[in-house]
Amino acid sequence: MKELEITEKFANRHIGPREKDIEKMLAEVGVKSIDEMISKTIPENIRLKNDLDLKEGISEYDFLNEIKYLASRNKIYKSYIGMGYHPTITPSVIIRNVLENPGWYTSYTPYQAEISQGRMEAMLNFQTMVSDLTALPLANASLLDEGTAAAEAMHMFYSARKGAKKNANTFLVAEETFPQTIAVLKSRAEPQNINLKVVPLKEFELTEDVFGLIVQYPDDSGEVNDFSKLFEEAKGKNIFIGVATDLLALAILTPPGEIGADAVLGNSQRFGVPMGYGGPHAAFFATKEEFKRLLPGRIIGVSIDKFGKPALRMALQMREQHIKRERATSNICTAQALLADMAGFYAVYHGPEGIKNMASRVHKLTVLLNKALLQMGYSQRNEIFFDTLRVSCHAHYCPDKIKRFALENEMNFRYFENNDIGISLNETTTLSDIKDIIRIFSVGTVEEIDNDIIFSEMLKGSTEVIPENLKRKSSFMSHPVFNSYHSEMEMMRYIKRLENKDISLVHSMISLGSCTMKLTAASEMFPVTWPGFANIHPFVPENQVEGYRKLIFELEDYLKEITGFAGVSFMPNSGAQGEYSGLSVIRAYHKYRGEGHRNIVLVPSSAHGTNPASSVMAGNKPVIVACDGRGNIDVEDLKRKAEENKENLSALMVTYPSTHGVFEERIKEICDIIHSNGGLVYMDGANMNAQVGLTRPKEIGADVCHLNLHKTFGIPHGGGGPGVGPIAVAEHLVDFLPTHPVVKTGGAKGIFPTASAPYGSAGILPVSFGYVKMLGKEGLKRSSEIAILNANYIRTKLAPYYKVLYTNENGFVGHELIFDLNEFKHSIDIDSEDVAKRLMDYGFHAPTVSFPVHGTLMVEPTESESKEELDRFCEAMISISKEIEEIEKGIADREDNVIKNAPHTALEVTASEWNHSYSREKAAFPLEWLKERKFWTPVARVDNAYGDRNLFTVCPPVKENNYE
């Protein structure tokens with residue numbers, strides 16, 4: 001009865017080319033079968049002899065039923081735990097039009113400014129909101145989480161030391177800071193030899209060796225401290241000041257920037273982003289102008305296009321690790337753009353009055369609850385508070401009894417080791433909830449209390465406890481963007497207007513090399529917004545997250561099989577954090593073996609810029625290894641440097657297949673050289689999309705790797721985040737996997753946590769879980785095969801027009817390839833950037849520009865793109881080649897041509913004057929199909945230098961705000 005069974009295969013939906021197309025593509029490439037192509041691409045000695053030990057793929061229908069069941073196994077209790085994570089109400093207009101909208105979640109980091117104006121405006125709104133609330137002039141476009149943001153502040157201050165503080169190396173941390181933040185600070189301080197002193201605030205000693213400090217405001221228990229005297233003393237002693245804070249609290253509390261803070265950071269999660277069992281959330285980071293060259297993460301700035309029209313761009317990109325490499329002050333690559341967009345839209349939708357009223361309501365409810373508890377005989381430790389109480393229970397039986405009763409009534413509080421109970425209220429809290437909390441605490445009192453009498457009594461009198469000197473006096477979010485879109489209709493149109501300015505996967509292929517812009521299936525995304533996954537606090541008891549735990553452990557088993565390794569940690573919430581975590585595990589392994597002096601990391605010259613930056617962050621010294629003329633690691637140079645550093649060799653960082661787009665034939669020999677000299681091999685998993693089911697990190701000889709779930713395993717890029725970078729390790733490294741101070745995880749000898757949440761960005765793990773479940777062992781292998789086929793198809797189609805920089809000995813590439821455009825630069829002054837801009841006129845996002853080789857384009861089509869789309873891209877590239885030829889032959893002007901003037905806007909093409917030597921049609925519609933599917937860039941070519949010379953990182957005054 002097979003004809004009555006559901007036979008729909010997800011792989012047929014995920015993979016672009018149809019079987020008949022694959023046959024044609026194989027013929028074009030010059031092979032008879034997929035197997036023949038793979039044999040010409042991947043070295044035989046690392047090929048898997050058997051299929052992965054995974055199940056067959058399941059249908060989308062079956063997956064959705066299974067994932068619904070797992071969601072139902074998670075218990076959604078009222079969470080009053082706090083600690084930087086709070087229930088929130090995400091406006092439906094934002095859920096539907098941003099979080100669930102592929103126009104937003106499938107775009108890439110806005111390196112190509114002209115086709116990224118919409119999401120950059122959303123990020124600029126986020127920066128402006130943060131700058132206003134913190135009262136500091138410069139904010140970035142998000143970081144990964146609060147703990148890593150605090151660590152970035154510490155490193156920024158450390159890099160900024162000068163004068164008498166040049167050699168100071170002590171960083172003070174208030175003991176009253178969130179425990180997960182303190183733990184991350186410990187992780188990041190030790191490799192840099194920073195003396196981290198965690199002491200109670202009242203015991204701070206601002207001695208000569210202190211270069212910086214950080215405090216929590218409000219603190220871990222909920223107390224709001226007056227830091228004015230401390231900050232004044234610190235300033236007098238040239239000590240940098242960091243403040244971890246809560247954006248909602250800053251709507252009514254004096255902002256740290258007004259009392260001398262140098263950097264203010266925290267988690268924007270409660271601005272409309274679901275808790276998601278710990279993430280993803282957008283951390284915020286604001287600072288003073290003097291730190292602009294050291295500020296971690298991406299910054300959106302206002303510039304102009306070639307016509308002088310305001311346009312947005314990523315500012316100060318020379319700071320980034322892709323350029324500065326081992327000299328970078330941070331390894332931040334992926335941040336949390338999509339979540340920052342959501343938080344910014346939340347602020348736009350509610351406006352300053354809405355945010356202030358929300359903060360005031362939460363505070364008043366907390367005051368009312370405090371009154372009731374005091375009247376019931378409880379002690380409460382916080383004299384000044386915003387939304388959090390720390391209740392002291394004197395009777396020995398009180399805490400256990402309250403906890404039991406609370407759990408029976410589906411409430412989570414925070415339980416301290418000294419039997420205190422923490423209660424953090426939030427946006428979702430109502431008067432009815434306050435009554436329920438009072439009822440729970442009534443079981444800990446000696447005599448019965450009349451709940452209604454208490455409730456009516458507590459409503460009398462003052463409803464705030466914040467003294468005048470700690471109240472916010474300054475206005476915030478006064479820009480019109482925060483005061484114009486408060487009806488759903490207007491908000492919906494504003495979001496759509498921004499979306500329409502950007503190219504995402506809903507428009508066309510995004511062939512960014514080393515970025516793997518593949519399909520994120522709708523079925524994979526559905527569970528992300530379900531309450532059973534979205535509304536879970538990361539520190540709830542384990543028995544409330546049986547669904548999450550089953551998903552996490554099952555996905556862990558899948559990744560162990562896919563990599564061949566023995567253990568996995570999901571804690572790293574970006575690829576760069578995976579690098580740092582993996583190197584930290586290696587460092588701990590060497591130290592445990594009494595070889596803590598091993599600190600030399602060999603890094604090929606072709607490596608991602610994050611590799612040397614992460615190496616330095618993890619306390620190592622990177623030594624660059626040369627590549628040969630074919631783009632492979634120069635094995636003789638590697639061998640020489642490994643032997644020269646034999647006594648101190650820690651690791652090799654290697655990307656496989658290489659960033660040059662080929663599977664290196666001698667990879668096993670390379671790994672053997674490292675092992676024979678006492679080092680371990682770290683494999684960067686950025687290009688894992690060409691390995692799955694065909695080979696494994698274990699097969700090549702690696703000891704640890706990170707995996708980009710936002711590349712290989714379906715999680716969308718979101719315009720620059722979220723990312724997930726779990727690490728997988730061999731058996732001898734399992735004991736060193738990262739631990740967490742609140743939730744038990746990691747190895748017996750585990751390193752300090754490298755992120756705030758125990759499972760990182762757990763809220764989007766259902767995407768990768770669905771990806772593996774639905775593709776199954778055959779679909780995963782087929783995806784890798786077609787990714788390689790698509791790249792080689794493009795190689796074959798475009799080789800007559802553009803020089804392919806690197807291939808293997810058989811003339812094949814892996815899943816990506818590099819086109820060298822330097823010859824055009826030398827002959828007619830057309831470079832890779834010019835071609836990237838011209839591709840916008842054809843409706844395409846450019847491939848990766850000038851990385852890893854200057855003057856090149858790196859193309860990665862992924863398995864999700866159909867033959868039709870590949871042909872369309874190739875047709876555009878061939879058309880541009882002909883335009884280049886016209887310039888070479890003198891048919892087109894060397895200066896006034898369609899490439900140098902690209903991209904062409906609708907405003908320019910439809911203007912009454914047209915002063916170019918070519919036609920409007922050639923500018924806008926160089927190919928016939930563009931007349932039916934044209935994407936118009938909202939701005940012309942952006943002036944990058946102007947934006948850096950005139951740095952402006954908040955919403956400009958209305959008269960200048962023409963980029964909308």
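Let me start at Cys955, which is found in the segment after α31 (944-949). Helices here are DSSP runs of H or I with at least four residues, strands are runs of E with at least two, and both are numbered from the N terminus. The model is a predicted one, so local features need pLDDT of at least 70 and side-chain atom pairs count only at pLDDT 80 or more, while totals for chains, interfaces and linings use all residues. Residues are numbered from 1 along each chain as its sequence is written, and side-chain values use heavy atoms, with hydrogens and water left out.

Is Cys955 buried or exposed? Cys955 counts as buried because its relative accessibility is 8%. The cut-offs are under 20% relative accessible area for buried, over 50% for exposed, and partly exposed in between, with a 1.4 Å probe and protein chains only.

Axes are lines fitted to C-alpha atoms, for helices over the stretch in contact, and angles run from 0 to 180 degrees between N-to-C directions. α7 passes α12 in a left-handed crossing; left-handed means that the near helix is turned anticlockwise from the far one by less than a right angle, and right-handed means clockwise.

On the α7 side, the residues that meet α12 include Phe126 and Met129; among their partners in α12 are Phe345 and Val348. Contact means heavy atoms within 4.5 Å. The residues of this contact divide into 10 nonpolar, two polar and two charged. Nonpolar covers Ala, Val, Leu, Ile, Met, Phe, Trp, Tyr, Cys and Pro; charged covers Asp, Glu, Lys and Arg; the others, Gly among them, are polar.

The second pair is helix α8 (residues 146-159) and helix α9 (residues 179-189), packed at about 45° with axes 8 Å apart. That angle makes α8 oblique to α9. The crossing of α8 past α9 is right-handed. Met154 and His155 of α8 are among the residues in the contact, as are Leu185 and Arg188 of α9. Here the division is six nonpolar, four polar and three charged.

Now helix α10 (residues 228-236). Which of its residues are buried? They are Leu230, Phe231 and Ala234. These three lie on the same side of α10, because they cover an arc of only 95° around the axis, taken from the directions from the helix axis to the C-beta atoms. They pack against β5 (210-217) and β6 (240-245). On the other side of α10, Lys229, Glu232 and Gly236 are exposed. Just after the helix, Asn238 takes a positive phi of about 55°.

Last, two loop residues. Ser514 sits in the loop between α16 (488-499) and α17 (522-525), and at 4% relative accessibility Ser514 is buried. Beyond its neighbours within four places in sequence, Ser514 contacts residues including His608, Lys711 and Glu860. Ala892 lies in the loop between α28 (867-888) and α29 (906-909) and is buried, at 19%.

Methods:
Angles under 35 degrees count as roughly parallel, over 145 as roughly antiparallel, 65 to 115 as roughly perpendicular and the rest as oblique.
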